[in-house]
Amino acid sequence: MQKEEQLLEKRLLELSRLAYHRDIITYSDFLNSNELHILHSLPKDSLYSQYRVFGGYELAERQMAAFLPDALSLRTENLQELFFPDEMCVLRIEPLHKKYAEELTHRDYLGAMLNLGIDRSKTGDILVSGSGALVFVRPQMKEFLREELTRIRHTTVLVTEEQPETFHYTPRFEEIRGTVASVRLDSLLSLAFGSSRNKLSGLIEGAKVFVNGKLVTSNGYQVHENDIISVRGMGKFRFISELAVTKKKRISVLIHKYV
């Protein structure tokens, strides 16, 4: 295990220990897919408390972990109330003059924030929508971004805070139907991304594919209904269900690919 991974594991265990001994909720910063995998892979007997993860909306790629003391772990928490507004907030970034605005990409928004010296662990997903974007951040970043993030490329922008009680985001998806020889991970990846199983096998073996937040490196992994499969750099999809078996003994399936 690399030194950075060891330090993260130690930090997560310490947050769990503090939640248990001090009877308080403790929070991590935003964790990426690899870091979430480390969290989910921690031996259950090494954790002092239960935890919940949330990134501001369903299917968020970057998520924070909340470690819960015993009194709170006995019931399922409302995730928005657990994280908003004290530990997470959502900001809207929009061009000040839409008529003269450039078409900005995810990379543009991320680059502009990183150029301000912001640690990536303090920011969650960036959702580009229409002429602007939504970004999830730790609260201590809110005022800094509102004051300092005034331009992205050549476009002057305005940063405002979304109120958690009115904020709602539902990921858009494309419905894909097709047939596969079996409900294996490599077969479903081929259907979702329109590429050969051999090419996509390299992504699985290269540790770029996650199922429900856990790293999977076996091409033959059997996927279950409602599993979320994400591929770093390519996107994610949900396996909805098997529909039928064709005369050629292939399985007709339905997946939702998020766009």
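Which elements do the buried residues of α5 pack against? They pack against β4 (89-95), β5, β6 (132-137), α6 (142-148) and β7 (151-152). Helix α5 covers residues 106-114, and its buried residues are Asp 108, Tyr 109, Leu 110, Ala 112 and Met 113. Buried means under 20% relative accessible area, exposed means over 50%, and partly exposed lies in between, with a 1.4 Å probe and protein chains only. Packing here rests on contact, that is, heavy atoms within 4.5 Å.

A word on the source. This is a predicted model, where local features need pLDDT of at least 70, side-chain atom pairs count only at pLDDT 80 or more, and totals for chains, interfaces and linings use all residues. Residues are numbered from 1 along each chain as its sequence is written, and side-chain values use heavy atoms, with hydrogens and water left out.

Now the whole chain. It has 8 helices and 14 strands. Those are DSSP runs, numbered from the N terminus: helices are H or I with at least four residues, strands are E with at least two. The radius of gyration is 20 Å, close to the 18 Å that the globule rule gives for 259 residues, so the chain is as compact as a globular protein of that length. That radius is taken over C-alpha atoms, and the rule is 2.2 Å times the number of residues to the power 0.38. Along the principal axes, the C-alpha atoms fill a box of roughly 60 × 55 × 35 Å. Buried residues make up 48% of the 259. Take contacts between residues at least 6 apart in sequence: 61% of them join residues at least 24 apart.

Is Phe 54 buried or exposed? Its relative accessibility is 8%, so Phe 54 counts as buried. Leaving aside neighbours within four places in sequence, Phe 54 is in contact with Gln 63, Met 64, Leu 79, Gln 80, Phe 83, Phe 84 and Met 88. Leu 79 is 25 residues away along the chain, yet the two C-alpha atoms are separated by 6.8 Å.

Compare Ser 196, in the loop between α7 (185-193) and α8 (197-205). At 40% relative accessibility, Ser 196 counts as partly exposed. Its C-alpha is 8.9 Å from that of Asp 186, 10 residues apart in sequence.

On to the pockets. A pocket is an open set of points on a 1 Å grid over the protein atoms alone, where a 1.4 Å probe fits, with protein on both sides within 12 Å along at least five of seven lines; lining residues have an atom within 4 Å of a point. Volume is the space filled by probe spheres set on the points, which are joined across faces, edges and corners.

The largest pocket holds about 900 Å³ of space. It is lined by 29 residues, and the closest to its centre are Tyr 57, Glu 61, Asp 125, Ile 126 and Lys 236. Which element gives the most to this lining? That is β5, with 6 residues.

The second largest pocket has a volume of about 410 Å³. Of its 20 lining residues, Ala 60, Gln 63, Asn 212, Gly 213 and Ile 228 are the closest to its centre. Here α2 gives the most, with 3 residues. Note Gln 63: it lines this second pocket, and Gln 63 is also in contact with Phe 54.
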